[in-house]
Amino acid sequence: MFKISEFSRLSRVSLKTLRFYDQIGILKPADIDKETGYRFYAAEQLVTLNRILMYKDLGFTLQQIQQLLQEEMSMEQRQGILRRKEREIELLLEEEQARLNRIKERLLWIEQKGYVEQEVVFKRVEPQKVVSFRSEGTVEEIPMLFDRLAHYAGKQQKSMLSPIVLWKESERDEAAFELEIGYVLKQDIALPSDMLEVRMLPEEPMMATLVQRVEPFVPSTACIDLAKWIERNQYRIKKDQPGRENYLQSPDGGDTYVEVQIPIESP
């Protein structure tokens with residue numbers, strides 16, 4: 001039997017860690033002196049401790065390790081746990097590789113262009129309730145369509161939040177888009193016009209987004225810039241799902257910004 005200090009030196013595991021393992025029950029001392037409270041460990045517990053350290057090195061949590069140390073666990077169950085960890089690490093490596101590729105792509109952009117590229121951010125977009133109408137037209141017609149929306153909305157416009165545009169390529173006209181022009185709702189409203197509809201936009205688990213300041217009389221390139229970024233980074237745009245443009249005004253009532261959102265899938 002070894003005192004805890006001796007066991008610590010043999011195993012090269014700190015006293016603090018051994019006491020913590022005792023506290024959570026993953027490695028309890030073989031004996032505790034009732035008078036002094038000293039902890040004593042048996043030599044064979046070095047094998048158990050080495051297993052704990054090995055599983056920690058593989059990335060398992062202490063709770064998972066406690067399960068793996070159970071003698072009654074079958075070989076098939078142990079293999080199943082190890083395979084799940086294997087897949088977890090594989091997915092993590094894939095995510096990190098994609099992140100590394102984005103870093104390399106950004107460095108290359110800076111080297112070639114001489115300035116920092118605008119930030120592309122991935123986000124999950126929650127469901128949104130909107131009031132809107134559908135049309136077909138070109139990008140240049142969007143301001144006119146918003147004038148029409150304001151006419152349809154009338155006084156109810158006060159119950160609405162930020163403007164939003166949904167768009168996807170038209171099947172009938174290569175130069176035009178299928179558009180949905182609307183406002184995000186902050187509360188339920190009575191429809192002021194038969195031309196409008198209220199509906200819930202579905203949640204999108206993975207949106208590539210880009211924010212750009214809207215310059216007066218200058219067409220925004222945010223949508224094109226984001227689409228090029230998606231193509232360069234070999235993501236796939238989800239079929240039959242419209243892109244979105246959210247228009248946001250700064251709190252001081254000054255600049256207006258557009259956040260372009262394009263639903264994507266991993267390469």
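Reader: Let's start with β7: how many of its nine residues are buried?
Author: Seven of the nine residues in β7 are buried, and the strand is mostly covered. Buried here means under 20% relative accessible area, exposed means over 50%, and partly exposed is in between, with a 1.4 Å probe and protein chains only. Helices (H or I, at least four residues) and strands (E, at least two) are DSSP runs, numbered from the N terminus.

Reader: Before I go on, what kind of model is this, and how are its residues numbered?
Author: This is a predicted model, in which residues are numbered from 1 along each chain as its sequence is written, local features need pLDDT of at least 70, and side-chain atom pairs count only at pLDDT 80 or more. Totals for chains, interfaces and linings use all residues, while side-chain values use heavy atoms, with hydrogens and water left out.

Reader: OK, back to β7, which pairs with β5 in what sense, and over how many bridges?
Author: The pairing of β5 with β7 is antiparallel and runs over eight bridges; two strands pair if DSSP finds at least two bridges between them. Within β7, glutamate 178 is the bridge partner of glutamate 136.

Reader: And how many bridges join β6 to β7?
Author: β6 and β7 run antiparallel and are joined by eight bridges. Leucine 179 in β7 has tryptophan 167 standing opposite.

Reader: Changing topic, how much space lies in the largest pocket?
Author: The largest pocket holds about 1200 Å³ of space. On a 1 Å grid over the protein atoms alone, a cavity is a set of points where a 1.4 Å probe fits but cannot get out, and a pocket is an open set with protein on both sides within 12 Å along at least five of seven lines; lining residues have an atom within 4 Å of a point. Grid points are joined across faces, edges and corners, and the volume is the space filled by probe spheres set on the points.

Reader: Now the aromatics: how many pairs does the count come to?
Author: The count comes to ten aromatic pairs. One of them joins phenylalanine 122 and tyrosine 235, edge-to-face at 5.2 Å centre to centre, with 65° between the planes. Rings of Phe, Tyr and Trp (its six-membered ring) pair if their centres lie within 6.5 Å, and planes under 30 degrees apart count as stacked, over 60 as edge-to-face and the rest as tilted.

Reader: Where do those two sit in the chain?
Author: Phenylalanine 122 is in strand β4 (residues 120-125) and tyrosine 235 in the loop between α7 (222-232) and β10 (236-237), so the pair links distant parts of the chain, 113 residues apart. Phenylalanine 122 counts as partly exposed at 28% relative accessibility, whereas tyrosine 235 counts as buried at 11%.

Reader: Why is the pair of phenylalanine 133 and tyrosine 152 called edge-to-face?
Author: Their ring planes stand at 90°, with the centres 5.3 Å apart, and therefore the pair of phenylalanine 133 and tyrosine 152 is edge-to-face. Phenylalanine 133 lies in strand β5 (residues 128-137) and tyrosine 152 in helix α6 (residues 142-153), so the pair ties together parts that are 19 residues apart in sequence. Both phenylalanine 133 and tyrosine 152 are buried.

Reader: Which residues do ring pairs link into a cluster?
Author: Phe122, Trp229 and Tyr235 are linked into a cluster by ring pairs.

Reader: One last thing, glutamine 234: is it buried or exposed?
Author: Glutamine 234 is exposed, with a relative accessible area of 59%, and is found in the loop between α7 and β10. Its phi is positive, about 60°, although glutamine 234 is not a glycine. Arginine 12 also has a positive phi of about 60° without being a glycine; arginine 12 lies in the loop between α1 (4-11) and α2 (15-24) and counts as exposed at 79% relative accessibility.
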